[in-house]
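Let us walk through this model step by step. Keep the sequence and the 3D view side by side.

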Amino acid sequence: MTEGQSDTFWKSLYIYFNEMDFESQLYVKKIYKIIILTVAIISFIIAFFLERFSVCVYSTIGASVLCILVLAPAWPMWKKNQPNWQQANWQKQK
């Protein structure tokens, strides 16, 4: 990959992951907390009865990875309330 292509790739990746509106950020944060907490509690109970702490650890790690793959990218459903920004007024100063 040349230098220009590399810059374009990283810029498009940055835009893809960082263009989520504010309301969706709060919603995603709540969903993430609910999923992780629910999986952690259920896996702890199962691990307690099986007497295997690794069940708890692996299921929580798996839930974290799943949340990152589903919630981290700025999917179109997280871009519904985009703010209306004012147009920039660029004037050359001489």
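How far apart do the end C-alpha atoms of residues 55-75 lie, and how much of the span is helix? The distance is 31 Å, with 81% helix and 0% strand. A word on the basis: this is a predicted model, where local features need pLDDT of at least 70, side-chain atom pairs count only at pLDDT 80 or more, and totals for chains, interfaces and linings use all residues. Residues are numbered from 1 along each chain as its sequence is written, and side-chain values use heavy atoms, leaving out hydrogens and water.

The UniProt record (unreviewed entry) places "transmembrane region" at residues 31-50 and 55-75. Such annotations may be inferred rather than shown by experiment; the positions follow the numbering used here, and feature names are shortened. Residues 31-50 are 100% helix and 0% strand, with end C-alpha atoms 28 Å apart. Helices here are DSSP runs (H or I, at least four residues), numbered from the N terminus.

Now look at serine 24. It sits in helix H2, residues 22-50. Serine 24 counts as buried because its relative accessibility is 7%, and buried means under 20% relative accessible area (1.4 Å probe, protein chains only). Beyond residues up to four places away in sequence, serine 24 touches Met77, Trp78 and Lys79. Contact means heavy atoms within 4.5 Å.

Trp78 also belongs to the largest nonpolar core, with Met20, Val28, Ile36, Ala63, Cys67, Leu71 and Ala74. H2 and helix H3 (53-71) each give two or more residues to this core. H3 gives the most, three. Such a core is a set of buried Ala, Val, Leu, Ile, Met, Phe, Trp, Tyr and Cys residues joined through side-chain atoms within 4.5 Å.

Finish at leucine 71. Neighbours within four places aside, leucine 71 contacts Met20, Val28, Ile31, Tyr32 and Trp78.

How values were computed: Buried means under 20% relative accessible area, exposed over 50%, partly exposed in between (1.4 Å probe, protein chains only).
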